[in-house]
Amino acid sequence: MTPRAYQQVDVFTRIPYLGNALGVVMDGSGLSDEEMQAFARWTNLSETTFLLPPSPAAAAQGADYRVRIFTPADELPFAGHPTLGSCHAWLQAGGAPKAAGAIVQECAKGLVQLKRDGTRLAFAAPSLQRSTPDAALIARVAAGLGLRTEQVRAAQWLDNGPVWLGLLIDSMDTVLDLRPDHSALKGLARGIGVAGMDVAPAAPDLIVRSNREARAFGSSSSSAATLDDTPSIEVRFFADDIGVTEDPVTGSFNASLAQWLIADGIAPASYVAAQGTCIGRAGRVFIEQDAQGQVWVGGDSVTCIEGKVTL
């Protein structure tokens, strides 16, 4: 058992404790798969990561570090908030990228490019494979979410390492009003992401805000600072099959969702998504497609706990 530097980082927020928490073991060298999994289960966070030196092959391609990503139940090949949070922790601990202005992360999915805009980090969304799910499955998922099937505007299987089922439904308020039956959803998909928009793509600047902020934050004195970046898409993510009833903010799903919606002309090339509203969080995901067609997924991060763990 060795003392190892450890950080707990809140991702997709500028304000501590309103994003998605991530545990980062700063040096996972010498730990077995079983030891990593046991610690991730113990933290009971949606993900815990372990930083390692890049493999020789990845280092030759410019990788700065390697990350392994564990949920309480298993290992993921890629995930979004662990990518941003691990990079934040690595930089805060003195990590120096090989290339100025860019960071390259190695994970089981492959190499992931990151960039910095001030203090905000963004990752290049990995390649996406998608397909249309069976109508009978969509009907079962809709019923488990408490939806009528006609409220589902579109659905896709989204594979960018992890495979998620994505549903686009009729409005942001419908997303916030969902009362899922988790027992009915279990076993239907490894993770189910639900998104709603109020604005047609032709008018992205007209944003309907209704009363969703009041529902999320009540009279909290810190809430006003979280509303500067008004979202045009509301997201929720349910993953009972991997031990996460509702994820506060899901970077991998937001990445694949953006690639899908932008490619199909449903969403504009730049937008802000909100997630975590219904569980007292204020996650903000910043989406931007560049001139080359690459989708970037950005978010702020803040370190909440720093110390040592014995592993």
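This is a predicted model: local features need pLDDT of at least 70, side-chain atom pairs count only at pLDDT 80 or more; totals for chains, interfaces and linings use all residues.
The average pLDDT comes out at 91, and 90% of the residues score at least 70.

**Confidence**

**The largest pocket**

- The largest pocket holds about 240 Å³ of space.
- Its lining is made up of 14 residues, and those closest to the centre are Asp117, Arg120, Ala122, Phe286 and Glu288.
- Five strands each put at least two residues into the lining: β7 (110-117), β8 (120-124), β14 (270-275), β15 (283-289) and β16 (295-299).
- By residue type, the lining splits into 7 nonpolar, 2 polar and 5 charged.
- Arg120, one of the residues closest to the pocket centre, also turns up in a salt-bridge network with Arg14, Asp229 and Asp300.

**Salt bridges**

- Searching the whole structure gives 10 salt bridges.
- One of them pairs aspartate 264 with arginine 130, with the closest N and O atoms 2.8 Å apart.
- This pair ties together distant parts of the chain, 134 residues apart: aspartate 264 sits in the loop between α8 (251-263) and β14, and arginine 130 is in strand β9 (residues 129-131).
- Aspartate 264 has a relative accessible area of 41%, so it counts as partly exposed.
- Arginine 130 is partly exposed too, at 33% relative accessibility.
- Arginine 236 and glutamate 246 also meet through their side chains, at 2.9 Å from N to O.
- Here the partners are 10 residues apart, with arginine 236 in strand β13 (residues 233-238) and glutamate 246 in the loop between β13 and α8.
- Both arginine 236 and glutamate 246 are buried, which means each has under 20% relative accessible area.
- Arginine 148 bridges to glutamate 150, and their closest N and O atoms are 3.0 Å apart.
- In that pair, arginine 148 is partly exposed at 48% relative accessible area, while glutamate 150 reaches 57% and counts as exposed.
- Why do those two get separate labels? The cut-off for exposed is over 50%, so arginine 148 at 48% stays in the partly exposed class and glutamate 150 at 57% goes into the exposed one.

- Tyrosine 17 has a positive phi of about 75°, even though it isn't a glycine.
- You'll find tyrosine 17 in the loop between β1 (3-11) and β2 (20-25).
- With a relative accessible area of 59%, tyrosine 17 is exposed.
- Leaving out residues up to four places away in sequence, tyrosine 17 touches Asp10, Arg281 and Cys304.
- From tyrosine 17 to threonine 48, 31 residues apart along the chain, the C-alpha separation is 16 Å.
- Asparagine 44 is another non-glycine residue with a positive phi, near 60°.
- Asparagine 44 belongs to the loop between α1 (33-43) and β3 (48-52), and it counts as exposed at 58% relative accessibility.

- At 34% relative accessibility, alanine 269 is partly exposed.
- Its contacts, not counting residues up to four places away in sequence, are Ile262, Ile287, Glu288 and Gln289.
- Glutamate 288 is itself among the residues closest to the centre of the largest pocket.

Notes:
Residues are numbered from 1 along each chain as its sequence is written. Side-chain values use heavy atoms; hydrogens and water are left out. On a 1 Å grid over the protein atoms alone, a cavity is a set of points where a 1.4 Å probe fits but cannot get out, and a pocket is an open set with protein on both sides within 12 Å along at least five of seven lines; lining residues have an atom within 4 Å of a point. Grid points are joined across faces, edges and corners, and a volume is the space filled by probe spheres set on the points. Helices (H or I, at least four residues) and strands (E, at least two) are DSSP runs, numbered from the N terminus. Ala, Val, Leu, Ile, Met, Phe, Trp, Tyr, Cys and Pro count as nonpolar, Asp, Glu, Lys and Arg as charged, and the others, Gly among them, as polar. A salt bridge is a side-chain nitrogen of Lys or Arg within 4 Å of a carboxyl oxygen of Asp or Glu. Buried means under 20% relative accessible area, exposed over 50%, partly exposed in between (1.4 Å probe, protein chains only). pLDDT is the predictor's confidence in each residue, from 0 to 100. Contact means heavy atoms within 4.5 Å.
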